[in-house]
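Student: I would like to go through this structure one step at a time. Please show it, and then I will ask.

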Amino acid sequence: WYQYEPGDFRFPEMVGAWTKDITKADIGTTAVNVYPGAQGEAQAVDFSSFKQYRLVVFGNKVGTGNQTARLVNTANAANTVDVVYTGAAGEFVVDSGYTNLPAWATGEVLVKPMAFSSVGTDSPIYRQFLFYLR
């Protein structure tokens, strides 16, 4: 912790980024891995000494349902941080804003992006997931 950082929060840091475009044809209504790599292309995030997170998702809504994007703890799928896009079809950015970390977010955790829609036949295109801590 740097001496010149404010006393209430650390300076924001981007701690995870998934930046490949991918189309999820008929995504379904149950969360699925956004990326096909091993464990959904999980990345290690060290939550130590941080208090808040911010999840920003860029995409293109193809369909009519509410699009839920999340980061999921690979060791326990019940541990998630979510954002939901409810707007019109087309390009979008959805931002959680800075939110207090959930109780499970301690130490180093492997997280992966997952998504689903309230309409299973939607085919969203995800452009990137950015994850910040402060």
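Student: Leaving aside its neighbours within four places in sequence, which residues is N60 in contact with?
Tutor: This is a predicted model, so the contacts are computed from predicted positions. N60 is found in strand 5, which covers residues 52-61. With neighbours within four places in sequence left aside, the residues in contact with N60 are G90, E91, F92, P124, I125 and R127.

Student: With which side chain does the side chain of N60 make a polar contact?
Tutor: E91 is among the residues in contact with N60. The polar contact made by the side chain of N60 has a distance of 2.9 Å. Its partner is the side chain of E91.

Student: Does N60 count as buried or exposed?
Tutor: A residue is buried if its relative accessible area is under 20%. N60 has a relative accessibility of 16%, so N60 counts as buried.

Student: Which strand pairs with strand 5 over 8 bridges, and in which sense?
Tutor: One place to look is Y53, which stands opposite L133 in strand 11. Strand 11 covers residues 125-133. Strand 5 pairs over 8 bridges with strand 11, and the sense is antiparallel.

Student: How many bridges join strand 1 to strand 11?
Tutor: Strand 1 covers residues 13-18 and runs antiparallel to strand 11. M14 stands opposite Y132 in strand 11. The number of bridges joining strand 1 to strand 11 is 5.

Student: What is the bridge partner of T23 in strand 11?
Tutor: Strand 2 covers residues 22-23 and pairs with strand 11 in the antiparallel sense over 2 bridges. The partner of T23 in strand 11 is I125.

Student: Why is the pair of Y53 and F131 tilted?
Tutor: A search of the whole structure finds 6 aromatic pairs. The rings of Y53 and F131 have centres 6.0 Å apart. Planes under 30 degrees apart would count as stacked and over 60 as edge-to-face, with the rest tilted. The planes of Y53 and F131 are at 35°, so the pair is tilted.

Student: How many residues apart are Y53 and F131?
Tutor: Y53 is in strand 5 and F131 is in strand 11, so to speak of this pair is to speak of a link between distant parts of the chain. Both Y53 and F131 are buried.

Student: What is the angle between the planes of Y126 and F129?
Tutor: Y126 counts as buried at 1% relative accessibility, and F129 is buried with a relative accessible area of 0%. Their rings form a tilted aromatic pair, 5.6 Å centre to centre. The angle between the planes is 40°.

Student: Which residues form one aromatic cluster with Y53?
Tutor: F131, the ring partner of Y53, belongs to this cluster. Besides Y53, the members are F47, W104 and F131.

Student: Over which ring does the charged end of R134 sit?
Tutor: The charged end of R134 lies 4.2 Å from the centre of a ring. That ring belongs to Y98.

Technical notes: Residues are numbered from 1 along each chain as its sequence is written. This is a predicted model: local features need pLDDT of at least 70, side-chain atom pairs count only at pLDDT 80 or more; totals for chains, interfaces and linings use all residues. Side-chain values use heavy atoms; hydrogens and water are left out. Helices (H or I, at least four residues) and strands (E, at least two) are DSSP runs, numbered from the N terminus. Buried means under 20% relative accessible area, exposed over 50%, partly exposed in between (1.4 Å probe, protein chains only). A polar contact is a pair of N or O atoms within 3.5 Å; within protein, one must be able to donate a hydrogen and the other to accept it, and residues adjacent in sequence count only if both atoms are side-chain atoms. Contact means heavy atoms within 4.5 Å. Rings of Phe, Tyr and Trp (its six-membered ring) pair if their centres lie within 6.5 Å; planes under 30 degrees apart count as stacked, over 60 as edge-to-face and the rest as tilted. A charge sits over a ring if NZ of Lys or CZ of Arg is within 6 Å of the ring centre and within 35 degrees of the ring normal. Two strands pair if DSSP finds at least two bridges between them.
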